[in-house]
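Please consider the structure shown below together with its sequence.

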Amino acid sequence: MKNIVVLVSGGGTNLQALIDAQNRGKIPNGKISCVISSNPDAYALQRAEKNDIATAVIRRKDYENQLAYDKALVGLLKSKNADLIVLAGFMTILGEYVIQSFRNQIINIHPSLIPSFCGEGFYGLRVHQEALKKGVKVTGATVHFVNEICDGGAIILQKAVEVQNGDTPEILQKRVMEQAEWQILPSAVSLFCDDKIIVKADNTTEIHF
Ligand code: GRF
């Protein structure tokens, strides 16, 4: 059984999708053991508490520099025996020390089809604004491993979502969450816990469904 630690900053609808999947028996080889928030007021913390999942808060501003923060976060993750770390709307940048300490054990959900609309500054509604500005007819979501490059780690799962006439960034964001993010994040977590994701040297993955 793998220990899953979920890192959040906000509403936590992706965390909820994971909790629901766990409660429905869809993650048989994993258990969400802790939710860590960068923000003490994140609603995601209440979702965890309602489901008897341990919580912790760690704020970047309480540390003098990136390395001090990274070391504190790694210490916390190790104390929780994390096998898999899921970034589910986590808004604090992880430094190299964290990434190196948990190589190929950190996954992130991004609300576009990487390599479109990703990288520095592409988060939240901005991703959907840019997709609409470009006029793409299809967007979606991507689950990927986290490496030193922003949104540049090996892709695990993707799901496409249609853009419709009259979409606003808010409407598109909701459709991408409902039709893609909340589906592929639990699936990727389950695949990881089943040891079905092989990371290859060329920064791609092979999935054994
Ligand atoms: C999601 O759109 C996710 O793709 C992005 O941050 C958002 C988090 O939303 N990384 P929530 O807190 O899970 O509701």
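The following paragraphs treat a helix and then the nonpolar cores.

This is a predicted model, in which local features need pLDDT of at least 70 and side-chain atom pairs count only at pLDDT 80 or more, while totals for chains, interfaces and linings use all residues. Residues are numbered from 1 along each chain as its sequence is written, and side-chain values use heavy atoms, with hydrogens and water left out.

In H3, Tyr-69, Asp-70, Leu-73, Val-74, Leu-76 and Leu-77 are buried, that is, under 20% relative accessible area with a 1.4 Å probe and protein chains only. These buried residues line one face of the helix, because they fall within an arc of 160° seen down its axis; the arc is that of the directions from the axis to the C-beta atoms.

The largest nonpolar core has 39 residues, and Val-6, Val-86, Ile-107 and Val-189 have the most contacts inside it. Such a core is a set of buried Ala, Val, Leu, Ile, Met, Phe, Trp, Tyr and Cys residues joined through side-chain atoms within 4.5 Å. Helix H6 (residues 169–193) gives the most to this core, with 10 residues. A second, separate core of 21 residues includes Ala-56, Val-74, Leu-77 and Phe-90.

Methods
Buried means under 20% relative accessible area, exposed over 50%, partly exposed in between (1.4 Å probe, protein chains only). Helices (H or I, at least four residues) and strands (E, at least two) are DSSP runs, numbered from the N terminus.
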